[in-house]
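Subject: Structure handover

Hello,

The structure we spoke about is below, followed by notes on what was found in it. Please read them with the structure open.

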Amino acid sequence: MYRVNRRERARATWHSFSYWWGRRSLQSRLIAAYVFIILGPCLLVSVYFYKSINNTYLRDALEKNDYLLQMEKLHIYNQIEAMERAAQMAYSDEDVEEFLANVTEPQLIDLVNFNTNAYVNMTRIQFNNPNIEHLRLYSRSNTVHEIWPIIFREERVSSTPWFQKALQLKGQEYWSFQKSDPDLMQRYLGAPTESLPKVSLLREKSRPADNHIGMVQVDMMLSRFTPKTYTDVRDNQTQMFLVDSEMQLFTRPDHSFLQDNSEMANVIADRYRNFRATGEWDSDYSENGKSFLFINTPLDRIDAYLLNVVSMDGVMGDISRSRNFIIGANIGIIVLLTLIAYIMNAFILKNLRRLTETMKSVRRGEAYSGITIRGGGEVGELAHHFSKLMNTINTLVAQAVSKQALSKEAELRTLHNQIDAHFLYNTLENIKMLAEIENQRTISDALTSLGGMMRYNFKWSGEYVKLRDEVRHIENYIEVMNIRFEYPVKLVLHIEPRYLELEVLKMSLQPIVENSVKHAWNGEKENLENPNIHIHISETKGDIFIELRDNGMGLTPERLVALNEAIYAKDEYCDSSCEPKDVNRRAGGIGLRNVHQRLQIFYGEEYGLVVQSEAGSWTMVRLTLPKVLLTGEKQP
């Protein structure tokens, strides 16, 4: 019910608008049409350019920040290689390995030699790469002498999680990210630990295999490992993050997006977990009415990720300014073009308004004195035809009285003809009753057929009839004509019942049958003993073929050619060879010609009839017409 009411309200609203719109002036509707025509393309072009500008800004922002991210990734990989080289040099030094594996108290001379040779090489490693914060070697032996700041005993760090994870890798590299860099010597007891995040490369030393003797550790501050992540340049539009395998976030502590967006850290961690599980990355993020773009690149060598978070406020501001400019330009163009269209329409429609005022004066009954409009075009042509129309109307008004009188006379004549037809019907019925009383069955049947023919002829309600009615008329005609023949003509029908409902032109078959009755059996006696007319109906590709074939005397080739020329002639045909004795034959040709022309007039040039004959044997007339039911629908 609600849907029906809503549909009714919509229909009523549309009708109200249509009525209101129809009462507007032509100039107002033209201006509205111009605005609509201009507004559509402007909107389409504006939307296209707005989308293009929007995509351009977004693509530029993405490419610019992705380039910065890749440059930072390249710097990180350089630092990774530096730390790996330092770890490898310390790991492969045999003197260092001997010192860490020693389980007895070393001699003084051994300590001096180690300090002046191997230890100096270790300090040179760190000196050659100042970005390395610490190079530390841990020994499992409790007898090893600690030499700050490089050599320590494992017991200082053995309980830390990163140390235990490095042991499990059995000599493979392990990268650990830590929030702070504690003092292993604990020289400043009670002093707060400075929050200096770092990255550590750890590698276990064994001799022989599976015989743990110590650990190599190379540390680098994250401010040097990834300087753009901890940059001092304050940029409110971008911020880089380093995310380790445990989903810890490392970034600059001040002017951070995390301060105003409390959920961002959790969202980043969740997206990286989903990325590790599915490989799909979602780069769009919104919080507190602000939009951000997450640009991600993996750091496969250290099982971490580098993330660049880009604020879209600046990009959206540029897009908004472009949108406002496009809207303003569209409004200006539409206003300017509307003003120009209004002025031009006022000039163009001036003559049309003059013609309208003249028409109104004529409608009020004022005498029409003519109108002169200079120039051509549709308005001038309309004024010319209006003048012609008024002259024609004046002429028609003068003829109206006489036509009305003639119409009345025609009605009386029609009524009189109807009375005459009814008189003939009644007279035939009376004669038929007398014949039946006198037991003259042949005369009675002939009168019945004759009455049917008269009713069929007088009842002309249209040009088209059913085939069954035309066939019944032919049967009545044959029955009437057989009274005069010693050997009656036999009508043989080969018509399927489904064809009896076909549409045919009224009186299209009867002239052909009449032509056969009059001319087919005027010859020798053997041609008169068994006269018959066969009617066949066939169908091909939506067309109907009606063949009427008699077994009469036929036509010679010369007469057949002359008959066809008479049928297909545009004007009534008769050449110099026509003689009075051929009047009947030519009359038959005229009847066939009339049928042929009617078929072409009502059905088209591709339809009509054709005559074929063989002298002394037969004559056949074939009619071609479309397969149409009396409803007017052409059948497939």
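The structure holds 15 aromatic pairs, counting rings of Phe, Tyr and Trp (its six-membered ring) whose centres lie within 6.5 Å; planes under 30 degrees apart are called stacked, over 60 edge-to-face and the rest tilted. Tyr 464 and Tyr 603 make a tilted pair, because their ring centres are 6.2 Å apart and their planes stand at 45 degrees. This pair joins distant parts of the chain, with Tyr 464 in strand β11 (residues 464-466) and Tyr 603 in helix α17 (residues 583-603), 139 residues apart. Helices (H or I, at least four residues) and strands (E, at least two) are DSSP runs numbered from the N terminus. The rings of Tyr 603 and Tyr 607 also have their centres 6.2 Å apart, but with planes at 70 degrees, so that pair is edge-to-face. Both Tyr 603 and Tyr 607 are buried, whereas Tyr 464 is partly exposed at 32% relative accessibility. Buried means under 20% relative accessible area, exposed over 50% and partly exposed in between (1.4 Å probe, protein chains only).

This is a predicted model: local features need pLDDT of at least 70 and side-chain atom pairs pLDDT 80 or more, while totals for chains, interfaces and linings use all residues. Residues are numbered from 1 along each chain as its sequence is written, and side-chain values use heavy atoms, with hydrogens and water left out.

One aromatic cluster consists of Tyr 138, Phe 152, Trp 162 and Phe 163. Trp 162 and Phe 163 are also buried residues of helix α6 (residues 161-168), as is Ala 166. The buried residues of α6 line one face of the helix, because they fall within an arc of 100 degrees seen down its axis, taken from the directions from the axis to the C-beta atoms. Pro 161 and Gln 168, on the other side of α6, are exposed. The cover over the buried residues includes β1 (134-139), β3 (174-178), β4 (198-206) and β5 (212-221).

His 534 in β14 is the bridge partner of Val 492 and stands opposite Arg 549 in β15. β14 and β15 form a hairpin with two residues between them, and Lys 541 in the turn has a positive phi of about 50 degrees.

Regards

Definitions and conventions. Pairing = 2+ DSSP bridges. Contact = heavy atoms within 4.5 Å.
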